[in-house]
Amino acid sequence: MANKAYQRVYTKLEGITKATVSLRANGVSNDELAVVGGKLAQVVRTKGDLVTLQIFSGTEGIPTNAEVTFLGEPPTLKVSDQLSGRFFDAYGHPIDGGPEIDGEVRQIGGPSVNPYKRRQPSQLIPTGIAGIDLNNTLVSGQKIPFFADPDQPYNQVMADVALRADVDKIILGGMGLSNDDYLFFRNSFEAAGALDKIICFINTTENPPVERLLVPDMALTAAEYFAVDKNEKVLVLLTDMTLYADALSIVSNRMDQIPSKDSMPGSLYSDLAKIYEKAVQLPTEGSITIIAVTTLNDGDITHAIPDNTGYITEGQLFLRADTDTGKVIIDPFRSLSRLKQLVQNKKTREDHSQVMNASVRLYADAQNAKTKLENGFDLSDYDLRCLAYAKDYARELLAIDVNISITEMLDTAWKLFGKYFSPAETGIKQALIDKYWKA
Amino acid sequence: MKTKGIVTGIVSNLVTVEVDGPVSENEICFITSEGVKMMAEVIKVNGKNASVQVFESTRGLRNGNEVEFEGRMLEATLGPGLLSSVYDGLQNDLTTMENVFLQRGEYTDPLNREKTWEFTPLAKPGDTVQAADWLGEVKEGWLPHKIMVPFSFEGSYKVKSVKEAGAYNVDTVIAVLTDASGADVPVTMVQKWPVKVAIKGYREKPRPDRIMETGVRVIDTMNPIAEGGTGFIPGPFGCGKTVLQHAIAKQGDADVIVMAACGERANEVVEIFTEFPELIDPHTGRHLMERTTIICNTSNMPVAAREASVYTAMTICEYYRAMGLKCLLLADSTSRWAQALREMSNRMEELPGADAFPVDLSAIISNFYSRAGMVVLNNGQRGAVTFIGTVSPAGGNLKEPVTESTKKAARCFYALEQNRADQKRYPAVGPLESYSKYLDYPEIVDYLNKTVEEGWVDKVLAAKNIVRRGREAAEQINILGDDGVPMSYHVNFWKSELVDFIILQQDGFDPVDSLCPMERQRFMLDLVLDICKKDFDFEDFEKCREFFKNLINELRQMNYSVYESDQFWAYNESVNKLIA
């Protein structure tokens, strides 16, 4: 960030808020970076010669006579193979003690892929977790978040999924990670011997919140380099997008914008979509798959952040503690993978979708039976069978600690059907019953 | 002389321009930044300052950039070759762009100017014609694509000459008209029309009098949509909005389908142009893509062009309607369009209405829905634009401005319900909350009773009543317990489950069940109603449940079997045995 000879230096700020400063300056371009009193900032508004800058690390200690230098370009990242195995901060500077990266300078947050140049995602990503593979199968090029309360082990599940997935690169964008979680990711990647295919952009809770706004774009610029230029399969992990959205609302609030629902900026949908839509299956082998985390407030998915996310992403994976088995499960009702039908019965066995639907429907019947039980009514024989089935189903298939192949999952489901139900009660096509029913 | 201007302020994609001459509301201008020309539209003028929304990323734009105004509004280019195209919201052809990434300021021609079309004249010299009258036609796929007197022509014209039959490209002058002052006006196969203005040029817009088949039982049977009608599908995410819309697009009985992917997922658009070229239109046996135009402004594409995309799509539909064709417009999702309006209104620091949406949201939505409709053309033929929009209510709560405004404008309401989706009861259209106002139209009732069967509408209402009674029974059973209610409650509940599983639910991914023609819908509803008319008595509710579960299972197998196949009749036979 050294000053260059011809750059004009301004030294008079007109206004300062917690996240922004404004000053009079000419020839400034939109989205351009600047250094304000040694801190990195970005142009967010110009009105005549009045320029408003967003200061990533907060305005604490910035005096009205701070030096302001404009850098003439938006945020960039140097991309090359040297990125592999490295840990960076939100600005793309190494935090692992290693050397700076050499490579081509690319603007982050670049243009979108022409939709017509995309290909339909069709490659299954097996995770060994039945709550995902059986009920909500993942496909490369998909974007999907975990919806979880803060007390759920979402980062652990995400690390498991990442390490089991067959991909060339795993890029972690950590926003507001606790230092412990950052070290957890680091250790589990190291323990799995996967460090050479990992790239991390980390903003921890110790860093200023507005810096987080750079993290997804940094991670995705690196992802696009490997997917587009190198034809690699890239998996991007973004955690926690709720903290990202909170940072957006801080900035928009300081800019006096009228908030919409839940004090989020009116542009929240577009802001999130710009990130998630970077997920893509390219005509070459390259792809970007995004798995994110959106933490919820007590399971409330009507809040603007999960709500807008749900409309953008291709489904969601809902983590919930199951009281019957004491395990964390992937909730089959609220979870969904929108791309699952692209691989189910095609890349997996022919009975996959019917088994999935039947097992979830029976699990729903068990929930009804449970309600009856709680209301103090007698249970029918069918209710009792449903309840018993639900317990087995949660333990053997929905729990996140399951790690089996999809064929084993299907066989397990047929085993449970045969144990508790008659073929008619499952409502599965006769042809499949004839072939797979286990009495 | 074109009006020029200079950029004086930038907030995201809202740019303030100081102008040196007259500008009009919605006028198009180009901002030059770093050698790239970016399109923008005037949305507010205040003294010498025009606020323009830029249809591109404004990164790198700076004060002092030059702006040139075009003296026209945003226009669609209309002519042969629109079908099977994939456009962005500004009608740029996405298929002819070379880069993987969309380049700022790259605008491509919507029509292929070299391709030739077999032209046949329809008018002859000496004819008196007016805007929208047919001068000739070319074959676009299997559709007769009429070459019309441009919609912008006022008054009447005399045909001076028409090109003889032959193969010409779209820019060929195919007719010369003489206006009232005696001046000659050449007409090619291409015309332009401002997208925010409705295309008129028809004699009248009567009430719709027939339905448009979709092959989806919960629509055609329970809540039919009229040809030239309007409907909307609100629902929380994950309730199957898109799957339902795609089903309608694949199966809808229309000549032309325009799908506007407005601020939605790019992969959904990819699904359309991957699958449609392979799929066959069940009504004509032709490839689906031949009758489909895709307008796609996905959620990561510039916000301002999102608003333009629905208007561009509607204009293309109106253009084909003027040829006497049945068009279907599907827009997914109109909420994203409303959000685009909100973003701009917010940046202009306008006083907000409910949920920070602009106060005129309701007027904008109803104005747009009013562009649909069945029309009688000047030559007496019929054309129709049927419009179905989806709405993505925030938090799944239907009491929000976009849903409420749309409810006032659209005649059919297909409410997707979270709890039905949770139970995998797809399509998750709520049976009691949803409605079609067309079932109140005497013309439509007449039409259905004549074309489906005598007394059909009464049967539909009877089926709805069974569902309503079933819900009441279910509530009583929940409160009083299985043993606490008379057997008739259980029977009523299970009869409604029968209607639910066999008529309302449909497997959109099953090759047979996904498309259910009207004749088959009639057969199944008759069968289910016959069963429901019977009195059943059981020893206990367990027996009742078991009986109906078996019955439902057999009937479902019928839905999965090819209509009137041996298998179909075999399952029908076992149903008859069960109820004997």
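This is a predicted model: local features need pLDDT of at least 70, side-chain atom pairs count only at pLDDT 80 or more; totals for chains, interfaces and linings use all residues.

Tutor: Helices and strands here are DSSP runs, of at least four residues (H or I) and at least two (E) respectively, numbered from the N terminus.

Take the peptide bonds to begin with. In chain A, the bond from A:T239 to A:D240 is cis, with omega near 10°, and A:D240 belongs to the loop that lies between β16 (233-239) and α5 (241-254) of that chain. In chain B, B:Y426 and B:P427 are likewise joined by a cis peptide bond, with omega about -10°; B:P427 is found in the loop between α8 (418-422) and β26 (435-436) of chain B.

Now turn to phi. A:S263, although not a glycine, has a positive phi of about 50°, and its place is the loop between α5 and α6 of chain A. A:S263 counts as exposed because it has 11 C-beta neighbours inside 10 Å, where the cut-off for an exposed residue is 12 or fewer.

In chain B, B:E349 is not a glycine either, yet its phi is positive, at about 60°. B:E349 sits in the loop between α5 (334-347) and α6 (361-369) of chain B, and with 12 other C-beta atoms within 10 Å it is therefore also exposed.

Methods: Residues are numbered from 1 along each chain as its sequence is written. Chains are lettered from A and ligands numbered from 1 in the order in which they are written. A residue is buried if 20 or more other C-beta atoms lie within 10 Å of its own, exposed if 12 or fewer, and partly exposed in between; C-beta atoms are placed from the backbone.
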